[in-house]
Amino acid sequence: MKKILFFLILAFNAIFAQTYTSEYYEKQAQILRNLDIDPSFMSDLIFVQIREELESKHSGVLVNSIQNFSKVTPMIRKVLAKEEVPEEILYLAMIESGLKTHSISNAKAVGVWQFMQPTARNLGLRIDAYVDERRDPVKSTYAAANYLKNLKNEFGKWYLALLAYNCGNGKLKQAISKAGSDDLSILLDSDKKYLSLETRNFIRKILILAFLANDKDFLLQKDGSLMNYALSNDFVKVDIPSSVALKDLAQSANIDLETFKKYNPQFKHNFTPPGNGYYMYIPLNKTAFFEKNFKNTHFKKVDTSIPMTKIYVVKAGDSLYKIAKTHNVGIEDLRELNKIKKNHLSINQKLIIPIKEDKNAKNTKSKNHYTQIVSR
């Protein structure tokens with residue numbers, strides 16, 4: 001039966017080869033070579049079998065990433081090129097997060113590259129009450145590139161680095177040992193199951209997105225404007241003062257606050273962190289305007305203390321207005337703190353509620369504390 005199936009696949013491959021131009025075939029072969037995969041993998045039995053299904057399921061990730069995250073993609077491409085890692089690694093990020101800078105997995109991995117806190121901190125990313133640099137598409141991409149280069153140095157091939165990124169060093173070493181080979185087709189054997197189905201499909205998805213991104217017919221069919229996506233590097237990094245309002249910085253660059261936040265998703269609040277200054281990204285075409293206004297603007301320092309909060313679980317009959325009134329907070333404060341754009345709430349949804357400080361209680365506590373110190 002397997003022999004019959006094998007010959008059917010070979011026949012399918014012959015038809016497949018005729019339906020694609022030699023130029024497109026060569027692009028796919030080059031993608032595989034960039035990741036140290038032999039081009040013969042295009043004829044891998046399982047890959048051919050599930051290729052159409054994977055394209056159907058995951059092509060939307062590519063289109064959505066291109067259309068909705070056009071500001072993120074150029075940043076990532078620029079860093080990958082600078083770090084001299086395969087450009088196909090961009091599609092790893094698409095598979096991980098869809099390029100959503102605020103993406104959070106069930107395991108609490110955050111950002112475009114879905115880093116857990118310990119890994120991110122080991123890679124030099126700052127995570128504290130004010131910023132989360134896992135959401136910074138530039139800094140996190142530098143971290144991901146270095147992480148993947150280390151994995152490549154450890155395992156010797158880029159496709160092995162991608163597999164280890166998903167399943168971990170230990171599991172990949174175990175899989176290679178059991179298989180007695182690091183050949184991709186062998187490691188992805190669906191009968192032997194050297195690697196989990198998630199990891200086996202992880203690299204297949206990356207390849208599918210990379211192939212589709214180089215398929216002119218696919219891009220034109222979806223949206224002609226996709227042809228030139230992310231070819232420009234239209235942003236710059238500039239130094240900014242600490243403890244100033246983001247809206248003031250946005251104004252100094254002549255961009256609206258919403259656009260500013262798309263370029264700077266690392267900020268957790270509407271102000272820059274306290275300390276010795278920080279950084280932000282602005283569109284390249286706003287640089288001259290920003291430099292002129294930045295020098296002539298006296299930025300007012302803002303209160304960067306972070307209010308205490310509590311968690312409220314939404315119940316049936318709740319509304320933003322009702323919750324805000326009950327807890328004596330502003331509706332806009334609730335929206336901002338919980339990233340809510342519409343009024344719709346879901347039952348059992350968890351909301352962060354700011355706790356307003358009782359100044360009288362604080363004064364009383366201070367007086368009592370002072371009395372105790374004096375009486376000693």
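Trainee: Which cut-offs decide whether Asp 128 is buried, partly exposed or exposed, and which class does Asp 128 fall into?

Mentor: Buried means under 20% relative accessible area, exposed means over 50%, and partly exposed lies in between. In this predicted model, Asp 128 has a relative accessible area of 26%.

Trainee: Are Arg 134 and Asp 132, whose side chains meet in a salt bridge, buried or exposed?

Mentor: The N to O distance in this salt bridge is 2.9 Å. Arg 134 has a relative accessible area of 4%, and Asp 132 has 5%. Because buried means under 20%, the class of Arg 134 and of Asp 132 is buried.

Trainee: What is the N to O distance between Lys 247 and Asp 248, and how many salt bridges does the model contain?

Mentor: Lys 247 is exposed at 54% relative accessibility, whereas Asp 248 is partly exposed at 22%. Their side chains meet in a salt bridge at 3.5 Å, N to O. The count for the model comes to 11 salt bridges.

Trainee: Where is Pro 86 placed, and which residues does Pro 86 touch beyond four places away in sequence?

Mentor: Pro 86 sits in the loop between helix H4 (72-82) and helix H5 (89-97). At 10% relative accessibility, Pro 86 counts as buried. The C-alpha atoms of Pro 86 and Asp 36 are 10.0 Å apart, although 50 residues separate the two in sequence. Beyond four places in sequence, Pro 86 touches Asn 34, Leu 35, Leu 80 and Trp 158.

Trainee: Which residues touch the most other members of the largest nonpolar core, and which helix gives the most to this core?

Mentor: This core has 66 residues, of which Leu 62, Tyr 91, Trp 113, Leu 148 and Leu 163 touch the most other members. With 10 residues, the helix that gives the most is H11 (residues 197-213).

Trainee: What are the contacts of Leu 62 beyond four places in sequence?

Mentor: Leu 62 belongs to the largest nonpolar core. Leaving aside neighbours within four places in sequence, the contacts of Leu 62 are Tyr 91, Met 94, Leu 209, Leu 212, Ala 213 and Phe 218.

Terms used:
Residues are numbered from 1 along each chain as its sequence is written. This is a predicted model: local features need pLDDT of at least 70, side-chain atom pairs count only at pLDDT 80 or more; totals for chains, interfaces and linings use all residues. Side-chain values use heavy atoms; hydrogens and water are left out. A salt bridge is a side-chain nitrogen of Lys or Arg within 4 Å of a carboxyl oxygen of Asp or Glu. Buried means under 20% relative accessible area, exposed over 50%, partly exposed in between (1.4 Å probe, protein chains only). Helices (H or I, at least four residues) and strands (E, at least two) are DSSP runs, numbered from the N terminus. Contact means heavy atoms within 4.5 Å. A nonpolar core is a set of buried Ala, Val, Leu, Ile, Met, Phe, Trp, Tyr and Cys residues joined through side-chain atoms within 4.5 Å.
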